[in-house]
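These are my notebook entries on a single chain. I went through its fold, its helix packing, its nonpolar core and a few individual residues in turn.

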Amino acid sequence: MEEEEKDFRIVIDVFTKFLEERGLKKTNERFQILEEIYNREHRFDVDDLYFQMKAKNYTISKATIYNNLQLLIDGKLLRKHHFGHKKSVYEKCYFSERQDQIILRDNGKILDFRDDRVEDIKKSLEKKFKIKITNHSLYFYGYSTDKQPK
């Protein structure tokens, strides 16, 4: 079995268990959305996913996509980002490490990074406030200082 196929089988099993635990139906549409997301390499917005699925002749509405994206977020299979644009952006996350982002306003680039000091801060906050942090989003906004020769 190819590695990607094996990984997708794991994602299907996780999503199936999530739906069963909540007493939700295991519909074809839910698994079609999941498959389209996990076949993607990059972040996407709802319109991207909707038009991609329509181009493949899926019968699906944007409302169905929105509702199922929220289920995938709740099931920890998808992350939702707000990078200062009007649209939310999503990315698959089951096999990826937590990443934070730097958004460059001058060229629109999004730089992913992981720094263990962020985890240290999280642990410190949990101890200080006697809480358990289950999720976080960290975005830095800035401008590129890389001057390209003319």
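This is a predicted model: local features need pLDDT of at least 70, side-chain atom pairs count only at pLDDT 80 or more; totals for chains, interfaces and linings use all residues.

**Entry 1. Overall fold**

I looked up the secondary structure and found five helices and five strands in the chain. Along the sequence I read the pattern α-α-α-α-β-β-β-β-α-β. I then checked burial, and buried residues make up 35% of the 150 residues. For contact range, I took the contacts between residues at least 6 apart in sequence; 49% of them join residues at least 24 apart.

**Entry 2. Helix 2 against helix 3**

I asked which residues of helix 2 meet helix 3. On the helix 2 side I found Gln32, Ile33, Glu36 and Ile37, and on the helix 3 side Leu49, Gln52 and Met53. Sorted by class, this contact holds four nonpolar, two polar and one charged residues. As to geometry, helix 2 spans residues 28-38 and packs on helix 3 at an angle of about 110°, the axes being 11 Å apart. Angles of 65 to 115 degrees count as roughly perpendicular, so I recorded helix 2 and helix 3 as roughly perpendicular to each other.

**Entry 3. Helix 3 against helix 4**

I next took helix 3 (residues 46-55) with helix 4 (residues 62-74), which pack at about 125° with axes 10 Å apart. This pair is therefore oblique. I noted the crossing of helix 3 and helix 4 as right-handed. Helix 3 contributes Val46, Asp47, Leu49, Tyr50 and Met53 to the contact, while helix 4 contributes Lys62, Ile65, Tyr66 and Leu69. The class count for this contact is seven nonpolar, no polar and two charged residues.

**Entry 4. Helix 2 against helix 4**

How do the axes of helix 2 and helix 4 cross, and within what distance do they come? I found a crossing of roughly 70°, with the axes coming within 10 Å. Helix 2 and helix 4 are therefore roughly perpendicular to each other. From helix 2, Glu29, Arg30, Ile33, Leu34 and Ile37 take part; they meet Thr64, Ile65, Asn68, Leu69, Leu71 and Leu72 of helix 4. I counted this contact by class as seven nonpolar, two polar and two charged residues.

**Entry 5. The nonpolar core**

I then turned to the largest nonpolar core, which has 25 residues. The members that touch the most other members are Phe15, Ile33, Leu34, Ile37, Ile65 and Leu69. Helix 1 (3-21), helix 2, helix 3 and helix 4 each supply at least two residues of this core. Helix 1 gives the most, with six residues.

Ile33 touches Leu49, Met53, Ile60, Thr64, Ile65, Asn68, Leu69 and Leu72.

Ile12 lies in helix 1. At a relative accessible area of 14%, Ile12 is buried. Beyond its neighbours within four places in sequence, Ile12 is in contact with Phe31 and Leu34. The C-alpha atoms of Ile12 and Phe31 are separated by 7.6 Å, although these residues are 19 apart along the chain.

Is Gly75 buried or exposed? I found Gly75 in the loop between helix 4 and strand 1 (78-81), and its relative accessibility of 14% counts as buried. Leaving out residues up to four places away in sequence, Gly75 touches Val14 and Phe18. With Val14, 61 residues away along the chain, the C-alpha separation is 8.0 Å.

Most residues other than glycine have a negative phi, so I looked up the exceptions listed here.

Asn57 has a phi near 65°. Asn57 sits in the loop between helix 3 and helix 4 and is exposed, with a relative accessible area of 66%.

Lys130 has a positive phi of about 55°. I located Lys130 in the loop between helix 5 (116-129) and strand 5 (139-142). Lys130 is exposed too, its relative accessible area being 75%.

Definitions and conventions. Residues are numbered from 1 along each chain as its sequence is written. Side-chain values use heavy atoms; hydrogens and water are left out. Axes are lines fitted to C-alpha atoms, for helices over the stretch in contact, and angles run from 0 to 180 degrees between N-to-C directions. Helices (H or I, at least four residues) and strands (E, at least two) are DSSP runs, numbered from the N terminus. Angles under 35 degrees count as roughly parallel, over 145 as roughly antiparallel, 65 to 115 as roughly perpendicular and the rest as oblique. A crossing is left-handed if the near helix is turned anticlockwise from the far one by less than a right angle, and right-handed if clockwise. Contact means heavy atoms within 4.5 Å. Ala, Val, Leu, Ile, Met, Phe, Trp, Tyr, Cys and Pro count as nonpolar, Asp, Glu, Lys and Arg as charged, and the others, Gly among them, as polar. A nonpolar core is a set of buried Ala, Val, Leu, Ile, Met, Phe, Trp, Tyr and Cys residues joined through side-chain atoms within 4.5 Å. Buried means under 20% relative accessible area, exposed over 50%, partly exposed in between (1.4 Å probe, protein chains only).
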